[in-house]
Amino acid sequence: TGSNRTLEWHESRVMLVDELAIHLQSRTLFYNEMTRGWDQDQDFYKNKDVFKTAWYLPLVSHLRLHMADNGWTVHQLNFTVGARATIPESAWHAHLDLYQPRRGR
C-alpha cells in the first residue's frame, strides 16, 4: 500500500490512510494500516509493523491529542500480509479483539 503514496506526511501534511473505523458507543477511532511485507522469515510482520507505527506516529499523535479532550481513544492497527500470502494470525486476532467494545466503556 505504501508504494502508491505520492505525498508524505512530513513534507505535505497530507496523509493518505487505508481505513478508519469508528465505534461511536465506546468513542474509539481505529486507524487501520493495511500493508504487505516480504515474508521470508516467521516474524516478518514485526519489522514492518515497527516501521508503519513510526511512519504514522505524527498522524496518530495528532488525532490522540485533539480527540482525547472529547473522550475519544485512538488506536493504530497494522494488518500485514506477506508477499507470499502469509498472514500472522495471532497479530490479526489481537487487533480484531480491540473491535469488541468492553462493557462500561
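View 1. The structure is a predicted model, in which local features need pLDDT of at least 70 and side-chain atom pairs count only at pLDDT 80 or more, while totals for chains, interfaces and linings use all residues. Residues are numbered from 1 along each chain as its sequence is written, and side-chain values use heavy atoms, with hydrogens and water left out. Leaving aside neighbours within four places in sequence, Gly 37 is in contact (heavy atoms within 4.5 Å) with Phe 44, Lys 48, Thr 80, Val 81, Gly 82 and Ala 83. The C-alpha atoms of Gly 37 and Gly 82 are separated by 4.7 Å, with the two residues 45 apart along the chain.

**View 2. The chain has four helices and three strands.** Along the sequence, their order is α-β-β-α-α-β-α. Of the 105 residues in the chain, 33% are buried. Among contacts with a separation of 6 or more, 62% are between residues 24 or more positions apart.

**View 3. The largest nonpolar core has nine residues.** A nonpolar core is a set of buried Ala, Val, Leu, Ile, Met, Phe, Trp, Tyr and Cys residues joined through side-chain atoms within 4.5 Å. The members here are Leu 29, Tyr 31, Tyr 56, Leu 59, Val 60, Leu 63, Met 67, Trp 72 and Val 74. Strand E2 (28–37) and helix H3 (57–68) are the elements that give two or more residues to this core, and H3 supplies the largest share, four residues. In soluble globular proteins, nonpolar side chains tend to be buried together.

**View 4. The buried residues of helix H3 are Leu 59, Val 60, Leu 63 and Met 67.** They lie on the same side of H3, because they cover an arc of only 95° around the axis; the arc is that of the directions from the helix axis to the C-beta atoms. H3 has 12 residues and reaches 16 Å from its first C-alpha to its last, close to the 16 Å expected at 1.5 Å a residue. The expected span is 1.5 Å times one less than the number of residues in the helix.

**View 5. Helix H2 (residues 44–55) has buried residues on one side and exposed residues on the other.** Phe 44, Tyr 45, Asp 49 and Lys 52 are buried in H2. These residues are on the same side of H2, because their arc around the axis is only 115°. On the other side of H2, Asn 47, Val 50 and Ala 54 are exposed. The buried residues of H2 pack against E2, strand E3 (73–82) and helix H4 (89–97). From first C-alpha to last, the 12 residues of H2 reach 17 Å, close to the 16 Å expected at 1.5 Å a residue.

**View 6. Tyr 31 and His 75 sit in strands E2 and E3.** Tyr 31, in strand E2, counts as buried at 0% relative accessibility. The C-alpha atoms of Tyr 31 and Asn 78 are 8.5 Å apart, and the residues are 47 apart along the chain. His 75, in strand E3, counts as partly exposed at 21% relative accessibility. Not counting residues up to four places away in sequence, His 75 touches Thr 28, Leu 29, Phe 30, Tyr 31, Arg 64 and Leu 98. His 75 and Leu 20 are 10.0 Å apart, C-alpha to C-alpha, and 55 residues apart in sequence.

**View 7. Arg 27 and Ala 85 each have a positive phi although neither is a glycine.** Arg 27 has a phi of about 55° and is found in the loop between strand E1 (19–23) and E2. At 35% relative accessibility, Arg 27 counts as partly exposed. Ala 85 has a phi of about 70° and is found in the loop between E3 and H4. At 54% relative accessibility, Ala 85 counts as exposed.

**View 8. Arg 84 lies over the face of Trp 38.** The distance from the ring centre is 5.3 Å; a charge sits over a ring if NZ of Lys or CZ of Arg is within 6 Å of the ring centre and within 35 degrees of the ring normal.

Methods
Buried means under 20% relative accessible area, exposed over 50%, partly exposed in between (1.4 Å probe, protein chains only).
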